[in-house]
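Visitor: Please walk me through a few features of this model and how to read them.

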Amino acid sequence: MAEQREKIIALIRQKGPCLPSNIYKEMETNQLFASAMLGELVSSGALKVSKFKRSSSPYYYLEDEKEKLQNILEFLNEKDKLAYNLIKEKKILRDDQQTPLIRVTLRSIKDFAIPIQINHNGQIMQFWKWYMVTNQEAEQEIK
């Protein structure tokens, strides 16, 4: 079993974010067994699960390779790509300064747009940071 888990991690390291169907095909096993191993790897913290789904299945990826989530951009719809490109370019967006479309799509691309709430003089302000921006960078940019 440990050997199978290591093979899954090596496969994801090589290919980037993978769907469960990619895993069980590459591992030449059945879907149930592959899903169980993926679940164990997520529970142990070895793998992360994307919020974005394709055909109702999430992508599995390694935390230290989260930049590879950009490999799945081709599967985003045009509206989500618009919000993704904006957050990537600007790094930090203030929610109330965005169009209604961008505000909605930022909430739907949770793997790429991370919400931040700031209490400024008793007023809660919502910001979004690009997922590759550290909290320290976000804090400096917001100030």
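Visitor: In which loop does Ser-56 lie?

Guide: Ser-56 sits in the loop between β1 (48–54) and β2 (57–61). Helices and strands here are DSSP runs numbered from the N terminus (helices H or I, at least four residues; strands E, at least two). Before we go on, a word on the source: this is a predicted model, in which local features need pLDDT of at least 70 and side-chain atom pairs count only at pLDDT 80 or more, while totals for chains, interfaces and linings use all residues. Residues are numbered from 1 along each chain as its sequence is written, and side-chain values use heavy atoms, with hydrogens and water left out.

Visitor: What is the phi of Ser-56?

Guide: The general idea is that most residues other than glycine have a negative phi. Ser-56, though not a glycine, has a positive phi, near 70 degrees. With a relative accessible area of 64%, Ser-56 is exposed; the cut-offs are under 20% for buried, over 50% for exposed, and partly exposed in between (1.4 Å probe, protein chains only). Glu-28 is another residue to look at: its phi is also positive, near 55 degrees. Glu-28 belongs to the loop between α2 (20–27) and α3 (31–43) and is exposed, at 74% relative accessible area.

Visitor: At what angle do the axes of α2 and α3 cross?

Guide: Two packed helices are described by the angle between their axes and the distance between the axes. The axes are lines fitted to C-alpha atoms, for helices over the stretch in contact, and angles run from 0 to 180 degrees between N-to-C directions. For α2 and α3, the axes cross at roughly 115 degrees and come within 9 Å. That makes α2 roughly perpendicular to α3; the classes are under 35 degrees for roughly parallel, over 145 for roughly antiparallel, 65 to 115 for roughly perpendicular, and oblique for the rest.

Visitor: Which residues of α2 and α3 make the contact?

Guide: From α2 come Pro-20, Ile-23 and Tyr-24, and from α3 come Gln-31, Ala-34 and Leu-38, where contact means heavy atoms within 4.5 Å. They divide into 5 nonpolar, 1 polar and no charged. In this scheme Ala, Val, Leu, Ile, Met, Phe, Trp, Tyr, Cys and Pro are nonpolar, Asp, Glu, Lys and Arg are charged, and the others, Gly among them, are polar.

Visitor: At what angle do helix α1 and α2 pack?

Guide: Helix α1 (residues 2–15) packs with α2 at about 120 degrees, with the axes 11 Å apart. That makes α1 oblique to α2. Ile-8, Leu-11 and Ile-12 of α1 are among the residues making the contact, as are Ile-23 and Met-27 of α2. This contact divides into 5 nonpolar, 2 polar and 3 charged residues.

Visitor: How many aromatic pairs does the structure hold?

Guide: A pair of aromatic rings is described by the distance of the centres and the angle of the planes. The structure holds 5 such pairs. Rings of Phe, Tyr and Trp (its six-membered ring) pair if their centres lie within 6.5 Å; planes under 30 degrees apart are stacked, over 60 edge-to-face, and the rest tilted. Tyr-84 and Phe-112 have ring centres 5.0 Å apart and planes at 80 degrees, so they are edge-to-face. Tyr-84 is in helix α4 (residues 78–90) and Phe-112 in the loop between α5 (100–108) and β4 (113–120), so the pair ties together parts 28 residues apart in sequence. Phe-112 also pairs edge-to-face with Tyr-131, at 5.3 Å between centres and 80 degrees between planes. Tyr-84, Phe-112, Trp-130 and Tyr-131 form one aromatic cluster.

Visitor: Is Asp-95 buried or exposed?

Guide: Asp-95 is buried, with a relative accessible area of 4%. Its place is the loop between β3 (92–94) and α5. Leaving aside neighbours within four places in sequence, Asp-95 contacts Arg-103, Arg-107, Gln-126, Phe-127 and Trp-128.

Visitor: How many helices and strands does the protein have?

Guide: There are 6 helices and 5 strands, and from the N terminus they run α-α-α-β-β-α-β-α-β-β-α. Of the 143 residues, 37% count as buried.
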